[in-house]
Amino acid sequence: MNVQKPIVAIVGRPNVGKSTLFNRIIGWNKTIVEDIPGVTRDRVYEDTRWKEKDFTLVDTGGLSLGEDDQDYSLIKEQIDVAISEAALVVMLFDGRDGVLPQDSEIVRYLRKTEKKVIYAVNKIDHGNIKQVLKTYEFYGTGTDDFMAISALHNKNIYELVEQIASCIGTYGQPEEEESGETRIAVIGKPNVGKSTLVNRILGEHRLITSSTPGTTRDSVDSVYEKDGKKYVFIDTAGIRRKSRIDAPVEKHSVFRAIRSIERAHIVLLMIDGQEGPTHHDSRLAELVKGRNRALIILLNKWDLAPEDIADPKEIEEIIKEKLPGVNYAPVLTISALTGKKVGKIFDAVGRVEENFRKKISTGKLNRFLEELTKRYPPPVYRRKEIKLFYISQPFTAPPTFTIFTNSAKGIPENYRRFLENQLREYSDFEGVPLKLLFRDREGKEV
């Protein structure tokens with residue numbers, strides 16, 4: 001039986017350094033870091049490990065209680081969800097600003113949740129005695145204890161992560177038994193045909209289907225067996241654009257849909273074949289990628305497409321241009337209503353699942369890395385030649401690769417993407433996100 005990883009949520013008012021701390025702990029710049037309040041608007045998840053303890057870190061938007069504009073209310077709801085599902089909350093203050101009224105409000109808010117909270121004062125220069133002494137004013141918020149850190153300069157981060165690991169302890173909740181089953185989440189905008197597809201596969205009208213958008217309010221699990229293998233289809237509520245999420249039941253449906261993605265091994269993203277991929281579809285695809293789930297794109301309602309439309313290969317290229325962040329995902333044209341090419345879905349699921357669980361031997365990986373770096377050496381960082389010493393694959397589902405180097409922070413994003421693309425060429429990873437982690441040779445996790 002698997003154990004669900006504990007979730008650790010980083011919260012605080014805007015611009016206190018949450019994203020910088022998040023990136024520091026996971027070891028790479030996943031979130032956008034700008035000195036502008038409110039840059040992080042959605043929750044960002046990343047699995048990480050500290051001394052054999054696994055947990056999921058969550059970066060949230062700035063929490064400033066009392067604001068009533070609609071855009072902010074949606075951010076606050078995202079934070080509420082992150083806090084509600086967290087085993088531990090890290091509350092971040094800004095040591096340069098000192099205590100502001102919003103800080104005290106957030107502390108009171110967190111107390112009402114009865115969650116375990118670690119308080120940390122960020123942006124502290126430990127060589128500046130005045131700054132260090134200034135941290136004592138944070139006792140005025142009513143906190144019993146806090147840590148003085150600098151996420152930007154990596155000060156006391158080791159101690160903070162040690163405390164996080166100590167607090168989460170052996171926390172964990174059993175997940176469903178794997179039993180060889182493949183869990184598949186079906187997502188997409190309302191009325192794109194998700195329930196129709198699941199009903200077509202099941203051969204019965206088990207799920208309510210309607211031309212009225214949003215008929216399916218919650219996630220529904222349906223078990224299906226084919227050729228001796230068990231599949232669990234998770235039919236989710238249609239995920240609407242944020243500007244259209246009004247009623248509380250709709251907001252609840254969005255959160256349930258996100259949780260369905262997290263429960264799945266493979267996600268089927270359904271797109272309206274008449275409309276084509278939209279910006280909203282791109283956001284959903286990124287949501288799947290951010291949760292490290294395998295992805296297959298289904299272009300539905302293909303029975304209604306004009307007869308003279310481009311051939312499937314050209315369609316696939318167009319889709320990948322529109323959704324560049326997930327251009328590794330296979331694209332199928334189907335009709336859930338008539339059943340056209342629905343059977344092809346299982347062929348794609350089989351290929352993608354095999355890639356999702358693929359393991360490459362350490363010997364092969366290091367031969368690949370040696371040959372690659374001879375032809376395309378890493379760039380120079382601060383007049384120092386970057387060297388990639390060793391690569392291994394510690395995890396599958398998704399395939400995760402750890403590369404040991406003499407300068408993890410010196411590897412630019414474009415070279416990371418280059419390495420990922422080369423890995424994809426080296427071994428077929430169709431439909432699967434790859435995680436590349438860079439570690440300094442001495443093995444520091446932070």
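Here is a short chat about aromatic rings in a predicted model.

Trainee: How many aromatic pairs does a search of the whole structure find?
Mentor: A pair of aromatic rings is described by the distance of the centres and the angle of the planes. Searching the whole structure turns up a total of 14.

Trainee: Take tyrosine 224 and phenylalanine 346: is that pair stacked, edge-to-face or tilted?
Mentor: Their ring centres are 5.6 Å apart, with the planes at 35°. Stacked needs under 30 degrees and edge-to-face over 60. So this pair is tilted.

Trainee: How many residues apart are those two, tyrosine 224 and phenylalanine 346?
Mentor: Tyrosine 224 is in strand β10 (residues 220-226), while phenylalanine 346 belongs to helix α10 (residues 344-356). The pair links distant parts of the chain, and the separation is 122 residues.

Trainee: Is phenylalanine 346 buried or exposed?
Mentor: Its relative accessibility is 9%. Buried means under 20%, so phenylalanine 346 counts as buried.

Trainee: Which charged residue has its end over the ring of phenylalanine 346?
Mentor: Look for a charged end 5.4 Å from the ring's centre. The residue is lysine 226.

Trainee: What kind of aromatic pair do phenylalanine 401 and phenylalanine 429 form?
Mentor: Both residues are buried. Their rings lie 6.2 Å centre to centre, with 80° between the planes. Over 60 counts as edge-to-face, so the pair is edge-to-face.

Trainee: And where does phenylalanine 429 lie?
Mentor: Its partner, phenylalanine 401, is in strand β18 (residues 400-405). The pair ties together parts that are 28 residues apart in sequence, because phenylalanine 429 lies in the loop between α12 (413-426) and β19 (435-440).

Terms used
Residues numbered from 1 in each chain as written. Predicted model: local features only at pLDDT ≥ 70, side-chain atom pairs only at ≥ 80, totals over all residues. Heavy atoms only, no water. Phe/Tyr/Trp six-rings, centres within 6.5 Å; stacked < 30°, edge-to-face > 60°. Helix = DSSP H or I, 4+ residues; strand = E, 2+ residues; numbered from the N terminus. Buried < 20%, exposed > 50% of the residue type's maximum accessible area, 1.4 Å probe, protein only. Lys NZ or Arg CZ within 6 Å of the ring centre and 35° of its normal.
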